[in-house]
Amino acid sequence: MWHSIKNFIAGHIWPFSAYQRKVNVLSDKIIEMEREQGEKEREQISLIKELQDRISFQNILDELIQHINGLDREKNKLLEKYEQLEEKKEQLLQQYYQIEEERNRLEEEKEHVLQECSQVQEERNRLKEKCGLLEIRNKDINTICINLKEEIEYYKKKQVKENGLGIPSGEFWNEHYKKNGNSGTGSYHHLAEFKAEIVNRFIVKEKITSVIEIGCGDGNQLSLIHYDNYTGVDVSEVIVEKNKENYQNDNTKQFFCTETEREKYINRKYDMSISMDVIFHLLEDQVFYNYMEDLFLLAERYVVIYSSNHEEYTKWPECRHRNFISYIQEKISGWVLYQYIPNRYPYKIGEEETTSASDFYIFKKLDRNINNRR
């Protein structure tokens, strides 16, 4: 553009040479300025490029620093893993040593087992010899059992002859209860109330917590007495099952049959054992002896007996009075007659339904370490 202006001036204002020279000077200055401007622009472009190069280098440097940091982190992880592997190595070494110890122990145990096997084999041979001897003894035992069965049958027949019932007394009472018979007048009404009064008072006074009654009967008498923990046993399986049914919701009471469940109670101990209107129904001598032995065996502190105490056969075949105190004095040690309570309704001939020949005899154990049986 400036050249165009210069040419215009030269073509139209040529007479003015002085001005021409000024214009030429100015033109040269402008050209110089344009050149300098171009150099500055090139210099600026160079600086910009250099700055861009520096920025690019800084970015590369930052990336390198990040990469180095990443390598450091990876290095730390590898060092941690190395330490973990060293710990694992130590653990494996310890396990190896333990396994070696266990292996040695098992080797020793194996030796012991082999020795024991040898001993077992020897014992087996000895047992085999014993088995031969036992077979011989078993034959002898079978012979003895046969003889015992014959003897039992003999005594059963003898008992039948003794009691006058035609059958053993235990079977008599089982049949009696099968026919819906009860435990008799002594377990009902005023006689039962008298017995309950005496027993309840004694239980409270002596702080009795557990009682076993041998010859519990139909349970009517039981309903009047306040026992904390009661076990009733009877020779009649029929009446025992009825009592279990009647008292099934009362967990303080349990019942057993002396003929089939004796092992369930005979090895226990109770604060007190009690017998009411039973002894004079024990017709066979051996039954009486066994009964008295159990009565005192089961008691820890007291034995309560409500019965007659004289020798007499009666017109009733199921009744035989016994002088049981004489038997106690002769056969049972460690006990003393603690209390005697006469009947409030003593026996009167012709009034058997409302009176009784029984009185209360309460025995106390002198020393708990003394065996009841001689």
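## A sheet and its helices

Let's start inside the sheet, where Val211 stands opposite Met272 in strand β4. Keep in mind that this is a predicted model.

Val211 belongs to strand β1, which covers residues 211–214. Its pairing with β4 (residues 270–276) is parallel and runs over three bridges. β1 also has strand β2 (residues 230–234) as a parallel partner, and here four bridges do the joining.

Which way do the residues of β1 point? Val211 and Glu213 point one way, while Ile212 and Ile214 point the other way. All of them are buried, Glu213 included.

On to the helices. Two packed helices are described by the angle between their axes and the distance between the axes. Here are two such pairs:

| Helix pair | Axes come within | Crossing angle |
|---|---|---|
| α3 (residues 169–178) and α5 (residues 237–246) | 7 Å | roughly 50 degrees |
| α6 (residues 285–297) and α7 (residues 324–331) | 11 Å | roughly 65 degrees |

Take α3 and α5: with axes crossing at roughly 50 degrees, α3 is therefore oblique to α5. On the α3 side, the contact involves Asn174, Tyr177 and Lys178, which meet Glu237, Val238, Ile239 and Lys242 in α5. What kinds of residues make up the contact of α3 with α5? There are three nonpolar, one polar and three charged.

Then there are α6 and α7. Their axes cross at roughly 65 degrees, so α6 and α7 are roughly perpendicular to each other. The crossing in which α6 passes α7 is right-handed. From α6, the residues Phe288, Tyr289, Met292 and Phe296 meet Phe324, Tyr327 and Ile328 in α7. The contact of α6 with α7 has seven nonpolar residues, with no polar and no charged ones.

How values were computed:
Residues numbered from 1 in each chain as written. Predicted model: local features only at pLDDT ≥ 70, side-chain atom pairs only at ≥ 80, totals over all residues. Heavy atoms only, no water. Axes fitted to C-alpha atoms, helices over the stretch in contact; angles between N-to-C directions. Helix = DSSP H or I, 4+ residues; strand = E, 2+ residues; numbered from the N terminus. Parallel < 35°, antiparallel > 145°, perpendicular 65-115°, else oblique. Left-handed = near helix turned anticlockwise from the far one by under 90°. Contact = heavy atoms within 4.5 Å. Nonpolar A, V, L, I, M, F, W, Y, C, P; charged D, E, K, R; others polar. Buried < 20%, exposed > 50% of the residue type's maximum accessible area, 1.4 Å probe, protein only. Pairing = 2+ DSSP bridges.
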